[in-house]
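Please prepare a careful briefing on the charged contacts and the annotated site of the structure shown here.

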Amino acid sequence: MNKGKYTYVWVSFVILVFGIIFIPKIIDRIQNGSVVENDRINLKDTTDELSYLIIDGKKRRVPQFALLNQDSLLISDKDYIGKVYVAEFFFTSCPTICPLMTKNLVEIQNEFKVDSDFGIVSFTINPRYDSPRVLKEYAEKYNITDLDWHLLTGEQEKIYELANKGFNIFADENPEVPGGFEHSGMFALIDKKGYIRSRVDSYGNPIIYYRGTISETEGQNDEGEKEQISILKEDIKKLLQE
């Protein structure tokens with residue numbers, strides 16, 4: 001047998017050993033899910049590009065709304081035209097994620113306090129309780145001082161339609177969960193023309209919304225989800241320059 005054949009036999013032997021030892025382990029990792037977390041491409045990676053939310057071939061704009069704020073003033077979507085703003089859905093008696101979301105928004109408020117073209121809007125999903133007076137007390141408790149941060153209340157049916165159909169951010173009444181209401185802990189980013197904007201992932205798909213429940217200091221939650229407040233700040237700055 002010549003040298004070339006010896007080489008061929010040796011390579012075949014190595015491949016055989018690899019198959020016997022390692023392939024079963026890889027299969028085990030696929031079955032128990034460890035490959036998903038450690039080996040595949042991280043679909044959470046995003047690019048710096050800002051995209052539009054496209055639905056039925058059209059760029060999604062913020063739907064019309066007109067609700068009372070914490071000072072009993074009527075605020076509409078038209079009041080935010082010409083401003084970059086962040087929108088959320090919350091309720092003041094929320095015992096779980098709302099305080100975390102509010103604290104993160106206060107941090108964003110303080111970051112952009114000198115920018116007159118920036119604002120925040122918080123829609124309560126418990127308007128039966130969250131009157132303008134209650135919203136005012138909540139604003140004072142969390143040091144909400146930006147004149148363009150409006151906490152809005154009104155008819156519950158309209159607010160739920162705004163959340164679930166307008167923004168596609170889930171909100172619902174559920175007596176079986178803490179606080180009696182359940183909702184998404186996401187923030188929507190809207191540009192000066194009223195279009196919902198977001199980053200795109202490594203495949204060019206928009207992430208659509210930003211996680212609002214994890215602070216920059218935390219970095220990530222117990223499920224391994226990374227904070228997105230830092231990239232939200234970066235994207236606000238980009239839109240302010242458009």
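How do the side chains of Asp235 and Lys238 meet? They meet in a salt bridge at 3.2 Å, N to O, the term standing for a side-chain nitrogen of Lys or Arg within 4 Å of a carboxyl oxygen of Asp or Glu. This is a predicted model, in which local features need pLDDT of at least 70 and side-chain atom pairs count only at pLDDT 80 or more, while totals for chains, interfaces and linings use all residues. Residues are numbered from 1 along each chain as its sequence is written, and side-chain values use heavy atoms, with hydrogens and water left out.

**Salt bridges**
- Asp235 and Lys238 both lie in helix H7, three residues apart, helices being DSSP runs of H or I with at least four residues and strands runs of E with at least two, numbered from the N terminus.
- Asp235 is buried at 0% relative accessible area, whereas Lys238 is partly exposed at 27% (buried is under 20%, exposed over 50%, partly exposed in between, with a 1.4 Å probe and protein chains only).
- Glu242 forms a salt bridge with Arg197, the closest N and O atoms being 3.1 Å apart, and this pair links the segment after H7 to strand S12 (residues 196–201), 45 residues apart.
- Glu242 is exposed, with a relative accessible area of 54%, while Arg197 is buried at 4%.

**Annotated site**
- The unreviewed UniProt entry lists Cys94, Cys98 and His183 under "binding site", an annotation that may be inferred rather than shown by experiment.
- These positions span 90 residues in sequence, yet no two of their C-alpha atoms are more than 10.2 Å apart, so they gather at one spot.
- Cys98 lies in helix H4 (residues 98–111) and is buried, with a relative accessible area of 0%.
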